[in-house]
Amino acid sequence: MKGSVDMIYILSYLLISVLLYFTGNMINKKGNKIRIIKNKTLFYLIQFTWGLPINLAGSLVSLILILRKKKPKKYGWYMDFELNINFGLNLGIFILTPYYSNDSFKNHECGHGVQNIWFGIFMPTVVAIPSAIRFHKRRIFTKLGKVNKTGYYDIWFENQANDLGDMIVDNF
């Protein structure tokens, strides 16, 4: 039984690797070549296979919001819930943003969606949880009057989300 489960994981990883291979190459602001999805069907396929854990959470949150009469707006390939919050949150193809947020803010959350495609089942431990901890730590420091020694986007996963978000939005 364990061997068959391991084989499923290996085959899933190989399938996702092949799918990512066929995505388009783009050049980021720093001149680096990056593989990014240019096909909407492929985008959703990978989001709901390799990136399933985050999207399941997003589906649940979206269902709760819809039941509470919140209507999502389409933002490219994402569903954006504009709420009375002071932060952004990416849950796969679902993003939560403040009412006042601009395109740059929304693009950043879309960038986390691309990270979900890249990191898949590892997204919670590699990006999502560290990002949430960092956000709340910075907020607490600010409330206590302490100085945050680095900028919010100085850590690799936040900076990468900016780059990726700007790149994918150009493909919508």
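Helix H4 (residues 103–119) is largely enclosed by the rest of the structure, because twelve of its 17 residues are buried. Buried means under 20% relative accessible area, exposed over 50%, and partly exposed in between, with a 1.4 Å probe and protein chains only. The buried residues of H4 are Lys106, Asn107, His108, Glu109, Cys110, Gly111, His112, Gly113, Val114, Gln115, Asn116 and Ile117.

This is a predicted model: local features need pLDDT of at least 70, side-chain atom pairs count only at pLDDT 80 or more, and totals for chains, interfaces and linings use all residues. Residues are numbered from 1 along each chain as its sequence is written, and side-chain values use heavy atoms, with hydrogens and water left out.

Helices (H or I, at least four residues) and strands (E, at least two) are DSSP runs, numbered from the N terminus. The expected span of a helix is 1.5 Å times one less than its number of residues.

| Helix | Residues | End-to-end C-alpha distance | Expected span |
|---|---|---|---|
| H3 | 16 residues | 22 Å | 22 Å |

**H4 against H6**

The axes of H4 and H6 (residues 156–169) come within 6 Å and cross at roughly 100°. Axes are lines fitted to C-alpha atoms, for helices over the stretch in contact, and angles run from 0 to 180 degrees between N-to-C directions. The two helices are therefore roughly perpendicular, a class that covers 65 to 115 degrees.

Contact means heavy atoms within 4.5 Å. On the H4 side, the meeting residues include Asn107, His108, Gln115, Trp118 and Phe119. Among those of H6 are Trp156, Phe157, Gln160, Leu164 and Ile168. The contact residues divide into ten nonpolar, eight polar and two charged. Ala, Val, Leu, Ile, Met, Phe, Trp, Tyr, Cys and Pro count as nonpolar, Asp, Glu, Lys and Arg as charged, and the others, Gly among them, as polar.

Gln160 lies in H6. Leaving aside neighbours within four places in sequence, Gln160 touches Gln115, Trp118 and Phe119. Gln160 and His108 are 52 residues apart in sequence, and their C-alpha atoms are 8.8 Å apart in space.

**H3 and its cover**

Helix H3 spans residues 52–67. Its buried residues are Ile54, Asn55, Gly58, Ser62 and Leu65. Seen down the axis of H3, they fall within an arc of 90°, so they line one face of the helix. That arc is taken from the directions from the helix axis to the C-beta atoms. The face turned away carries the exposed Leu56, Leu60 and Leu67.

The cover over the buried residues of H3 includes helix H2 (40–47), strand S4 (78–83), H4 and helix H5 (123–143). Lys69 follows H3 and has a positive phi, near 70°.

Terms used: Angles under 35 degrees count as roughly parallel, over 145 as roughly antiparallel, 65 to 115 as roughly perpendicular and the rest as oblique.
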